[in-house]
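These are my notes from going through the model chain by chain. I began with overall size and then moved to contacts and single residues.

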Amino acid sequence: MKKRKNLYVYFFLLAGIAIVLFPFFWMILSAFKSNADVYSYPPKWFPEKWNFDNFAKVFEMVPFGLYYLNNIIVTVLVTAGQVFISILAAFALARLNFPFKKFIFSFFLTTMLMPFVITMIPTFLIISKLKWIDTYQGLVVPFLFSGFSIFFLTNFFKTFPNDLQDAAKIDGCGYFKILFSIILPNVRPAVSTISMFTFLGQWRSYLWPLIVTNTTKMRTLPIGLRYLVSEGGGEYQIMMAASLMAIIPVLIVYIFCEKQFIKSVAMTGLK
Amino acid sequence: MKRIIVLLIVFSLLTISLSSFSKTTVNFWYALSGNSGELFKKLVDEFNMENSDVFVDAVYSGKYADTAQKITAALASDTLPDGGIIPAGPIFTGARDNYLILDYIEKDPDFNMEDFYNAMWDYSKYDGKICAIPYNISTPVLYYNKDLLKSSGLDPENPPKTWAELLEYSKAMGKDINGDGIFDVWGMNMADVVWIFKAFLYQNGCEIIDAHNCNPLFDGEDGIEAAKYWKRLIDEKAMPVGLHDLAEKMFLAGNLGFYLGTSSRIGKWVSNTQFDLGVAYLPKGKRYGVPIGGAVAVMFPKNKEVQDATYRFIKFIVSTEKVAEFSIYTGYIPIRKSALEMDEMVELFKNNPLYETPFRQLEYAFSYWHFDQMGNMDSLFWEAVENIEREVMSPEAAMKDISKRLKEEM
Amino acid sequence: MIKIGKGYRKKEVLAALICISPAVFLAVAFIVIPLFNVFYLSFTNWDLLKTSKKFIGFDNYEYIFKDPKFIKSMFNTFYFAGIKIPLDLVLSLFIAILLDKKIRCLRFFRASYFAPVIVPMVASTLIWIWIYDPMVGPLNQIIGTFGIKPVQWLNDPNWAMPSVILFSVWKGLGYNIVIFLAGLQSIPENFAEAAKIDGANSRKIFFKITVPLLSPIIYFVILMGIINSFKIFTQISVMTPKGGPLYSTGVMVFYIFQQAFENYKIGRASAASVVLFLLILSITAVQKRVGTKHVHYD
């Protein structure tokens with residue numbers, strides 16, 4: 001009886017996974033297809049011949065290396081900066097007592113409601129007044145604040161037991177020492193999770209880098225990806241090859257810290 | 001991790017400082033990708049090699065729609081580039097009273113305006129005055145799949161010349177292969193719906209808009225008749241409803257007889273399709289007619305040194321020789337008459353007669369000059385076509401509706 | 001923590017000030033000021049193709065509320081949220097419950113379901129555009145083997161929005177599954193055991209024990225669902241660049257984007273932005289009021 005029931009469970013789960021993973025499967029297969037494979041009818045599932053031309057073409061068409069490097073620089077700077085600022089803010093909101101705390105917290109929450117498209121033009125005006133167009137500052141600074149990161153970390157920091165903090169205070173620890181040597185080491189999964197979220201969000205950011213950069217040397221990867229879709233319809237298989245290359249670093253980061261990641265995604269919901 | 005970050009920062013600072021030379025730098029945007037983007041980059045490199053005192057930093061500004069976004073932000077903050085190849089260029093220059101490029105052309109004794117086609121100059125005007133130089137210009141042509149024509153019992157060497165033939169041939173080619181009741185092969189389709197729709201309007205004798213006072217003319221009898229023809233193409237199953245964004249893919253897959261689209265595909269498609277490709281004039285209604293499309297070269301006011309350098313670069317890319325090179329590689333139309341006489345061009349026509357059609361079709365090209373509501377008019381046309389195809393409105397009602405709305409906007 | 005009366009400790013407040021000020025400063029500079037700017041611009045006729053900009057009162061608001069496209073975009077936004085959020089909720093809870101059945105290879109299953117979350121949005125939309133392609137796409141081929149007639153997915157006014165929703169559910173499902181799974185695993189087993197002894201069947205256990213205990217998580221998932229649904233934009237603009245057939249997928253952010261970046265009407269775009277902002281604000285406020293009942297268990 002029990003065994004049969006479990007059989008159903010596996011059946012549903014595997015069917016679900018087949019659906020969920022199918023697009024990946026399709027992307028990987030397609031990255032190796034030729035033009036003829038793509039446009040054949042009925043659709044060909046497997047490439048006639050596995051070829052790597054599409055990847056070579058991507059490198060030929062855009063300065064992929066430079067864009068990749070820029071993307072890494074910008075993404076790392078945003079991630080590091082945003083996480084640092086968010087840790088400080090979350091520490092204050094979760095562990096310290098000060099006037100207007102509730103107000104500031106709800107203010108941060110409200111900022112999560114704003115789609116970036118809405119504030120984009122005014123933000124651009126500010127950046128241009130600061131003469132930050134086409135600079136790393138221009139790409140990085142507007143994204144150093146994130147309501148979600150602060151919200152996420154605040155919830156997490158609240159789970160940290162009070163007595164430990166109090167004990168530390170009795171030992172004469174300052175507030176920053178409490179944060180950096182007592183709390184932080186204990187909330188590493190949360191920090192790595194929010195880092196990953198920021199990294200992901202930034203890695204794919206397209207519209208802002210396109211608008212705020214004016215020279216080739218400042219360009220980032222997603223702009224290069226868009227270049228491959230030529231006017232009026234690009235070639236599917238080249239796009240797939242480029243997407244695959246863009247996804248790989250993300251996949252590596254994911255595989256690397258999957259366990260911690262899942263653990264703290266789960267924590268966001270719990271509080 | 002820390003060390004990597006430090007390294008990255010140092011590296012990025014290095015790349016920044018390395019590029020600060022004492023040359024005049026020209027910030028130039030271009031909205032060309034794929035084949036034409038590649039060739040354009042090559043031209044930029046050539047120019048930079050030949051000119052030691054100028055450095056053109058040419059930057060891909062995204063597809064047409066993306067470029068429009070970039071321009072929007074730049075307009076809002078006064079951070080426009082020094083120049084660019086930009087779609088709808090005149091509404092970013094002339095409309096804001098920037099006729100800089102005309103000054104340069106007029107003062108330049110070497111610049112022969114006569115060598116450019118008139119319709120192209122019209123395309124580069126705002127309010128009747130030149131404010132751009134045509135660059136990557138194309139007109140729609142009729143691409144056809146010879147194999148499909150043959151297998152449908154049609155003569156592959158005799159593509160349709162009139163609207164009636166276009167309808168008849170297209171009907172003959174559509175079929176349902178797998179028996180699910182839905183056509184798998186279609187007679188005709190197009191990706192740039194609004195562009196082709198405007199071609200039909202014009203071919204039927206409708207002048208579309210009076211650019212002098214922005215008065216819409218498409219709700220007249222000629223316009224409505226063209227809209228009714230569109231409806232017939234749908235009703236008689238010559239063309240699928242609402243699958244226009246797939247037209248190019250359908251054609252390449254060999255499931256489409258006629259593709260009505262930009263001549264700039266020739267460079268990529270010639271000898272690259274799995275079937276025998278043909279190229280012909282767009283069939284005629286009451287008359288032949290093809291609208292001009294594409295992007296134009298513009299300049300934005302900066303200090304004199306930069307302006308001079310920008311003009312020099314633009315002049316370089318529109319020189320007869322470079323224009324011929326660009327056209328041969330991409331299939332965009334040579335904007336200069338003299339380019340057609342170049343040896344390379346003569347040879348091309350001999351080896352690749354497909355190119356000749358669009359290049360010769362220019363005598364039927366038309367254009368109205370740019371006006372503020374041009375983009376709005378195009379999106380209204382798109383709505384009208386959707387409403388007609390999906391039977392939300394009759395052709396007549398749809399045309400009257402958008403004409404009324406355009407007038408309100410003005 | 002020991003508090004002396006209503007006062008604050010000086011040192012603590014100072015530390016808090018240092019910690020919070022960078023975030024506050026950035027939020028003011030890049031969110032509050034732009035927001036006020038948008039608010040101000042919504043009362044002007046700023047058109048980027050013209051050089052003048054003047055105050056015109058509520059004209060922009062009048063215009064957008066008379067614009068059938070704007071009304072449609074509001075409808076589409078609610079349509080998206082109304083279908084996507086419940087669908088997401090039910091599916092992810094269902095899968096999480098299956099995963100909670102002490103199965104083998106849990107890590108593999110969980111990681112697989114989570115994988116779509118980490119794929120960049122543009123890359124995944126490109127894959128799905130191909131999947132939905134009515135002519136050469138695999139989806140029609142698959143349903144064809146079951147004898148179902150081909151559907152035009154993104155090219156059909158009735159199917160375009162469901163197609164975008166299906167994609168979005170695929171993209172975000174894994175996130176909620178992981179959250180629910182963690183929630184389920186933290187429910188002490190003796191609760192269900194005790195109920196079973198009392199003669200409760202599994203449906204009763206689910207609705208009387210599991211759901212109430214999960215309620216804070218369900219609340220969180222719905223809240224984030226609402227916020228993100230009203231902000232939906234990227235997949236719409238990549239999958240249906242013109243807002244779908246007959247504007248069937250044109251959501252509010254898409255409308256705003258079109259007004260600003262295609263029509264260059266910053267004033268109108270700003271007015272629509274203000275409406276959207278107030279809408280999100282009021283919906284989340286209502287939800288907060290309704291859903292503040294938290295459940296505690298030891």
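The model is predicted, so I kept to its limits: local features need pLDDT of at least 70, side-chain atom pairs count only at pLDDT 80 or more, and totals for chains, interfaces and linings use all residues. Residues are numbered from 1 along each chain as its sequence is written, and chains are lettered from A and ligands numbered from 1 in the order in which they are written.

**Entry 1: chain C overall**

I looked up the radius of gyration of chain C and found 24 Å, whereas a compact globule of 298 residues would have one near 19 Å. Along the principal axes, the C-alpha atoms of chain C fill a box of roughly 75 × 75 × 30 Å. I counted elements as DSSP runs numbered from the N terminus, with helices as H or I of at least four residues and strands as E of at least two. Chain C has 12 helices and zero strands.

For burial I used C-beta atoms placed from the backbone: a residue is buried if 20 or more other C-beta atoms lie within 10 Å of its own, exposed if 12 or fewer, and partly exposed in between. In chain C, 43% of the 298 residues are buried. I called two residues in contact if their C-beta atoms, placed from the backbone, lie within 7 Å. Of the contacts in chain C between residues at least 6 apart in sequence, 69% join residues at least 24 apart.

**Entry 2: chain B overall**

Chain B has 18 helices and 15 strands. The C-alpha trace of chain B spans about 65 × 55 × 50 Å along its principal axes. I found 54% of the 410 residues of chain B buried. In chain B, residues 24 or more positions apart account for 75% of the contacts with a separation of 6 or more.

**Entry 3: chain A against its partners**

How many residues does each side give to the contact of chain B with chain A? Chain B gives 31 residues and chain A gives 26. On the chain B side, the elements giving two or more residues are α1 (2-18), α2 (34-50), β2 (54-60), α3 (64-77) and α10 (247-252). α3(B) gives the most, with seven residues. I sorted residues by class: Ala, Val, Leu, Ile, Met, Phe, Trp, Tyr, Cys and Pro are nonpolar, Asp, Glu, Lys and Arg are charged, and the others, Gly among them, are polar. By these classes, the chain B side has 11 nonpolar, 13 polar and seven charged residues.

I then turned to chains A and C, where the contact takes 68 residues from chain A and 74 from chain C. Helix α1 (residues 2-31) of chain A supplies the largest share of the chain A side, 13 residues. That side of chain A has 55 nonpolar, 11 polar and two charged residues.

**Entry 4: two helix pairs**

For helix pairs, axes are lines fitted to C-alpha atoms over the stretch in contact, and angles run from 0 to 180 degrees between N-to-C directions. Helix α14 (residues 236-256) of chain A packs with helix α5 (residues 121-132) of chain C at about 150°, their axes 10 Å apart. On the α14(A) side I listed A:Y236, A:M239, A:S243, A:A246 and A:I247, which meet C:A123, C:L126 and C:W130 in α5(C). The contact residues divide into seven nonpolar, one polar and no charged.

Within chain C, the axes of α7 (residues 160-185) and α9 (residues 202-230) come within 10 Å and cross at roughly 165°. The contact is made by C:N176, C:I179, C:F180 and C:G183 of α7(C) and C:L214, C:I217 and C:V221 of α9(C). Five of these residues are nonpolar, two polar and none charged.

**Entry 5: single residues**

C:W153 lies in the loop between α6 (138-145) and α7 of chain C. Its phi is near 35°, a positive value in a residue other than glycine. C:W153 is buried, with 22 other C-beta atoms within 10 Å.

C:Y247 is in the loop between α10 (234-239) and α11 (252-261) of chain C. C:Y247 is not a glycine, yet has a positive phi of about 60°.

Is B:E114 buried or exposed? B:E114 counts as exposed, with 9 C-beta neighbours inside 10 Å.

Definitions and conventions: Rg over C-alpha atoms; globule rule 2.2 N^0.38 Å.
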